[in-house]
Amino acid sequence: MGNLEKKTALVTGASRGIGRATALALAAEGARVLVHYGRSAEEAEAVVAAIRGNGGEAEALGADLASADGAKSLAERVRAIVGERLDVLVLNAGVSKAARLEDYTTADLETLYATNVRGPFFLMQQLVPLLDEGSSVIVVTSVVARTVIGKPVVENPSIMAYASTKGALETLVKNWAAMLGPRGVRVNSVAPGIIDTDMSNFTKTEAGRETALSLQALKRIGKPEDVADVVAFLASDKARWITGASIPADGGSKL
Ligand code: NAD
């Protein structure tokens, strides 16, 4: 018997990377998973097929979460599937960008804030009526929301603007936890360190990997599953007394 039997979870950005690993981890605990994707229906369908292949239930749902309309249309389809209640909401979709301070453009800031802050905000706004006693919301932020993880990473180019979007999310998590606590809804964040996905492309070079390893107490690069397992814990009733918290999944990258 898994920890999430009879529960339904929506995971945004679940076609690849941390979102994909999270969808699989939640399904392994027995949840029915709504696998949201931005562009790649094919990758999302592969995640759905993997879950169904293991005897689980899943469905793929596409939407551009950089727009309020995209969030609204996704929420409408989720509502049509789940009815009155959503047990687990994982706000994972996000984008990153590295640049020198002098080189950030208006468009860069627009994309970062639209995807990483406004998208989760509007989706939460749409789905909040479906959250009730025992529901769990997990927001994937980043260790860089609270700390500059190392000089080599902040030298040119820097992910400072991305880091600020994750700081905004951490603030929202605390507010949402306070707002929804009286209803028995928990809201937490998982703050990953450097994880081997398409997003962390600097880990793909020898020099980048060395830098990344030098920043970790545990001397390896994180895997999507290292984050997904923490999300699955927070999604379950095992974490029933945890809300408004930010749990690092970073191999000790700020030590
Ligand atoms: P990734 O690029 O593989 O995944 C990002 C996902 O977000 C993709 O599925 C993508 O389709 C989706 N997405 C992006 N823009 C979207 C949009 N406009 N509409 C809908 N979906 C959109 O990277 P990842 O590493 O798996 O990232 C997942 C989360 O983890 C992100 O929020 C990221 O900021 C966070 N994170 C990653 C790392 C890391 O080192 N990889 C570290 C800390 C935090």
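How many helices and strands does the protein chain have? The protein chain comprises eight helices and seven strands (DSSP runs of H or I with at least four residues, and of E with at least two, numbered from the N terminus).

This is a predicted model, in which local features need pLDDT of at least 70 and side-chain atom pairs count only at pLDDT 80 or more, while totals for chains, interfaces and linings use all residues. Residues are numbered from 1 along each chain as its sequence is written, and side-chain values use heavy atoms, with hydrogens and water left out.

**View 1. The shell around the ligand.** The ligand is surrounded by 28 residues (a heavy atom within 4 Å), the closest being Arg16, Ile18, Asn92, Tyr162 and Thr197. Helices α1 (17-28) and α6 (160-180) each contribute at least two residues to this shell. By class, the shell has 12 nonpolar, 13 polar and three charged residues (Ala, Val, Leu, Ile, Met, Phe, Trp, Tyr, Cys and Pro count as nonpolar, Asp, Glu, Lys and Arg as charged, and the others, Gly among them, as polar).

View 2. A polar backbone atom of Ile18 lies 2.8 Å from an oxygen atom of the ligand. For Gly94, a backbone N or O atom is 3.3 Å from a ligand oxygen atom. The side chain of Lys166 places an N or O atom 2.9 Å from an oxygen atom of the ligand.

Key: Polar contact = N/O pair within 3.5 Å; in protein donor to acceptor, adjacent residues only side chain to side chain.
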